[in-house]
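Please read the following account alongside the sequence and the model, moving from the helices to the strands.

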Amino acid sequence: MKTYRFKLYHSDHNTALMRQINIAGLIYNHCVALYRRYYKLFEKYIQPYVLMKHLTKLKRTKRFAYMRRLGSQAVQDVVQRIDRAYNLFWTNLKRGVKSSPPKFRKVKKYKSFTLKQAGWALDESCGRIRLGKKWYGYFQSRKIDGRVKTVTVKRDAVGDIYIYIVCDAHPAQVEARTGKSVGFDFGLKRFLTGSDGNEIVSPDFFMQNVKRIRTKCRNISRKKEGSNKHERARLELACVYRKLANQRQDFHFKLARRLCEEYAVICLEDLNIKAMAHLWGRKIHSLGFSEFIEILQHKAIELGTQIIFVDMYYPSSQLCSVCGYKNENVKDLRIRERECPHCGTHHDRDRNAAKNILMAGASLRRASRPAISGDMVRPEQSGSVVDARIPRITAAGSMPKYSAKNQIHSLGGKILYVQRGQHDNPRKNFCTHAWSVNRLP
Ligand SMILES: [Zn+2]
């Protein structure tokens with residue numbers, strides 16, 4: 001799966017798209033209300049196709065005639081979105097994860113609608129797209145490769161409209177490379193610390209923009225709510241935030257590419273970002289760890305790099321990377337360097353952790369393929385291996401089918417199909433929107 005993102009040129013008739021997104025928001029709220037009422041009355045949830053039928057009936061009435069402006073597939077997609085959200089809510093309930101069912105949303109803040117097979121046409125030679133009956137020009141930054149599956153129209157807080165084109169591209173057969181392997185430890189001070197001494201510092205994009213954000217926020221609070229000036233001030237702030245997000249994304253993409261070109265195997269710690277954010281606050285989100293890992297995974301598949309996740313409970317910073325002694329008094333994060341009480345080696349905290357992650361990752365990697373004798377294997381660790389060479393592992397059988405729904409993981413040589421939205425680790429429940437380039441298959 002590949003997602004392309006293009007920006008629509010500004011035009012007067014873009015207001016028609018804005019209106020359609022608003023209508024999608026209205027339908028969304030209507031459906032949420034129906035779901036709730038139905039549950040109150042019958043203690044049951046509505047099947048999505050029943051709701052779709054109901055909506056097509058509604059469209060014929062005078063009161064809901066406005067729904068006809070939105071393509072029929074977009075209406076169906078709204079229903080499917082709510083259905084997906086409810087399904088996720090139930091599975092979370094079963095697992096004891098805290099979450100809430102779909103809520104009412106402000107129509108102003110509703111972002112997008114999706115078309116599937118019908119209701120659109122692409123004209124790549126001129127860089128135009130037909131949505132409904134109107135043609136819109138977009139900035140064609142690259143050619144589309146593959147069969148188009150869905151087209152999503154999305155607006156951002158600034159008021160620009162983008163189209164997201166999801167394509168069914170066959171993943172290129174990438175040979176696994178041989179080369180350097182490395183372990184990386186995430187940190188707040190240093191973004192990544194490598195076991196080979198490679199240190200990557202992330203610019204603090206939030207702090208770079210914080211002055212601008214402060215002034216813009218102050219500007220907003222001085223304007224009367226609902227006035228034109230208030231709206232203008234809000235747009236200015238949204239622009240700053242968009243710039244910040246773009247800066248961070250650009251840094252992540254460039255870094256991911258560089259790392260994947262340099263190393264053949266990258267070992268990382270599987271992090272619990274939510275818990276970390278709870279401990280250290282804003283800085284974690286400001287660095288965007290989880291976004292970076294998603295980008296890295298995708299780049300790794302493209303370039304044939306193997307990424308190995310070490311279990312999050314692996315005590316990487318407690319162990320000594322030389323003798324394996326477990327020192328439990330290392331919780332104080334202020335102490336960056338220490339000496340091992342057993343063998344006396346002087347350690348840098350992060351680098352020691354990175355070395356341990358590399359060792360654990362290497363043993364995991366060996367566990368997922370025929371064992372080589374004479375190898376030093378650490379105690380068994382749980383974790384997962386994202387392997388770019390999956391098609392070759394299953395050489396005995398047929399090629400696994402790639403589809404939007406199934407993501408393939410290899411764990412210990414076994415091939416597992418993980419349904420979208422059902423994996424235990426939320427990071428692996430990839431989504432099909434939001435980036436301008438390829439995603440995981
Ligand atoms: Zn030691």
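At what angle do the axes of helix H4 and helix H5 cross, and within what distance do they come? In this predicted model, the axes of H4 (residues 205-222) and H5 (residues 228-262) come within 9 Å and cross at roughly 170°. Because angles over 145 degrees count as roughly antiparallel, H4 is roughly antiparallel to H5. On the H4 side the contact is made by residues including Phe205, Phe206, Ile213 and Ile220, while H5 contributes, among them, Ala233, Leu237, Val240 and Leu244. The residues of this contact divide into 9 nonpolar, 4 polar and 6 charged.

The strands come next. In general, strands of a sheet pair through backbone hydrogen bonds, either parallel or antiparallel. Strand S4 (residues 128-131) is joined to S5 by 4 bridges, and Leu131 stands opposite Lys134 in S5.

Further pairings involve strand S6 (residues 147-155), which pairs with strand S2 (residues 112-115) in the antiparallel sense over 4 bridges, with Ser112 standing opposite Lys154 in S6. S6 also pairs with strand S7 (residues 161-168), again in the antiparallel sense, over 8 bridges, and the bridge partner of Thr150 in S7 is Val166. The hairpin of S6 and S7 has 5 residues between the strands, and in this hairpin Gly159 takes a positive phi near 105°.

Terms used
Residues are numbered from 1 along each chain as its sequence is written. This is a predicted model: local features need pLDDT of at least 70, side-chain atom pairs count only at pLDDT 80 or more; totals for chains, interfaces and linings use all residues. Axes are lines fitted to C-alpha atoms, for helices over the stretch in contact, and angles run from 0 to 180 degrees between N-to-C directions. Helices (H or I, at least four residues) and strands (E, at least two) are DSSP runs, numbered from the N terminus. Angles under 35 degrees count as roughly parallel, over 145 as roughly antiparallel, 65 to 115 as roughly perpendicular and the rest as oblique. Two residues are in contact if their C-beta atoms, placed from the backbone, lie within 7 Å. Ala, Val, Leu, Ile, Met, Phe, Trp, Tyr, Cys and Pro count as nonpolar, Asp, Glu, Lys and Arg as charged, and the others, Gly among them, as polar. Two strands pair if DSSP finds at least two bridges between them.
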